[in-house]
Amino acid sequence: MRIGVPKEIKNNEYRIGITPNAVQTLISHGHEVCIENNAGVGSGFSNHDYLKVGASITSYPREVYQYADMIIKVKEPLPEEFELIKEGQLIYTFFHFASSEKLTKAMIERKAVCLAYETITDDQGGLPLLTPMSEVAGRLASQQGAKHLESPQGGLGVLMGGVSGVSPADVMILGGGVVGTQAALVAAGMGADVTIYDINSNRIEELQVIIPKNVSTCLSSPDAIEKHLPKAHLVIGAVLVPGAKAPKLITRNQLSIMQKGAVLVDVAVDQGGCFETTQPTTHENPTYVVDDILHYAVSNMPGAVPQTSTKALTNVTIDYAVELANHGWQNACKQYPHLANGLNIVKGKVVHHSVAEAFSLPFIPVENIL
Ligand SMILES: NC(=O)c1ccc[n+]([C@@H]2O[C@H](COP(=O)([O-])OP(=O)(O)OC[C@H]3O[C@@H](n4cnc5c(N)ncnc54)[C@H](O)[C@@H]3O)[C@@H](O)[C@H]2O)c1
């Protein structure tokens with residue numbers, strides 16, 4: 001199979017969809033790989049690193065899309081890329097369709113085969129291709145939260161760990177999955193007083209075993225969240241209903257009961273955000289203020305640490321990439337039902353129920369197209 005890897009064009013996105021080692025693996029299975037010029041530089045990989053393992057390099061994104069049967073990417077295609085996608089072309093990447101009707105309609109129109117990393121499942125009920133990026137984003141969420149609590153950044157001027165005689169910051173984390181847990185561990189490591197809210201009582205029990213002393217857990221409810229908000233300095237949004245729009249857990253009205261300069265970091269922005277006032281931002285302009293509350297809502301947080309993120313992402317995408325290349329998407333998805341759960345849109349049909357529901361589109365069960 002011919003595999004194309006374009007350069008990411010999202011704001012300050014320095015990851016690439018594949019490392020040279022993973023290219024070597026695909027080539028050893030008899031496939032051909034074409035990389036866009038300098039696509040790996042931000043992640044620490046030169047054109048030469050890819051040439052050495054047998055890839056070819058091309059100058060223009062158009063050439064990559066024209067050449068390839070399968071595109072391996074990191075982020076969802078942006079409008080400039082829509083028209084490059086060929087009918088029937090397999091696009092293996094993060095899509096997060098529920099946050100963008102424009103993207104959903106464009107992929108339906110292009111009749112692409114959209115295999116979304118974020119809805120591929122595993123036997124434990126996890127999302128194995130999302131997990132490493134959620135680990136990165138969770139850890140970054142507390143780093144960014146700590147930085148934006150500083151007054152020169154527009155925050156209320158509180159140090160995460162406090163100091164002798166002065167209390168630490170109060171950190172609320174909504175959602176105790178991968179992002180929430182990693183955010184909690186980093187915030188706790190900085191000395192903050194952390195509470196994780198989750199609606200899943202089994203998950204709360206699991207957390208009790210692994211969290212340090214300065215983290216507590218709470219069964220999430222609108223009432224419990226509202227009671228806590230007046231004393232919170234930093235709130236991290238980390239909820240997920242796979243494939244669906246994130247539920248809104250903090251309304252605009254509730255911002256008025258918070259302290260001026262408190263910080264909201266919405267990691268769930270890629271699924272539409274879990275605060276009513278969330279708007280996606282970029283690494284270039286990461287924050288904005290609504291009703292005196294500082295909001296941070298960068299939808300590609302791991303792109304800021306590409307040397308870590310590219311390796312972590314490729315570690316989990318390569319095995320299925322090999323299966324897809326060896327057997328074609330249809331046979332590979334028939335063989336691996338967890339991989340088939342990643343199919344969101346196939347040749348103009350929406351085959352993921354949450355995406356169909358998000359935009360009231362007709363839903364075709366994936367079994368009907370395999
Ligand atoms: N912004 C970024 O760059 C970035 C990067 C990685 C992941 N993410 C996003 O972060 C979000 C979280 O990802 P994850 O891997 O931690 O997911 P996860 O499935 O591991 O955890 C989500 C948790 O949210 C809980 N939850 C669901 N609804 C809830 C509610 N109403 N109230 C409280 N808890 C609720 C679930 O029980 C679960 O424990 C996702 O939207 C993911 O796409 C964003």
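1. Helices (H or I, at least four residues) and strands (E, at least two) are taken as DSSP runs and numbered from the N terminus. On this basis the protein chain holds 12 helices and 15 strands. The radius of gyration, taken over C-alpha atoms, is 21 Å, close to the 21 Å that the globule rule (2.2 Å times the number of residues to the power 0.38) gives for 370 residues, so the chain is as compact as a globular protein of that length.

2. This is a predicted model: local features need pLDDT of at least 70, side-chain atom pairs count only at pLDDT 80 or more, and totals for chains, interfaces and linings use all residues. Residues are numbered from 1 along each chain as its sequence is written, and side-chain values use heavy atoms, with hydrogens and water left out.

3. Along the principal axes, the C-alpha atoms of the protein chain fill a box of roughly 65 × 45 × 35 Å. Contacts (heavy atoms within 4.5 Å) between residues at least 6 apart in sequence join residues at least 24 apart in 63% of cases.

4. Buried means under 20% relative accessible area, exposed over 50%, and partly exposed in between (1.4 Å probe, protein chains only). Of the 370 residues in the protein chain, 55% are buried.

5. Asn253 lies in the loop between strand S10 (234-237) and strand S11 (263-266). Asn253 is exposed, its relative accessible area being 65%. From Asn253 to Val74 the C-alpha to C-alpha distance is 36 Å, and the two are 179 residues apart in sequence.
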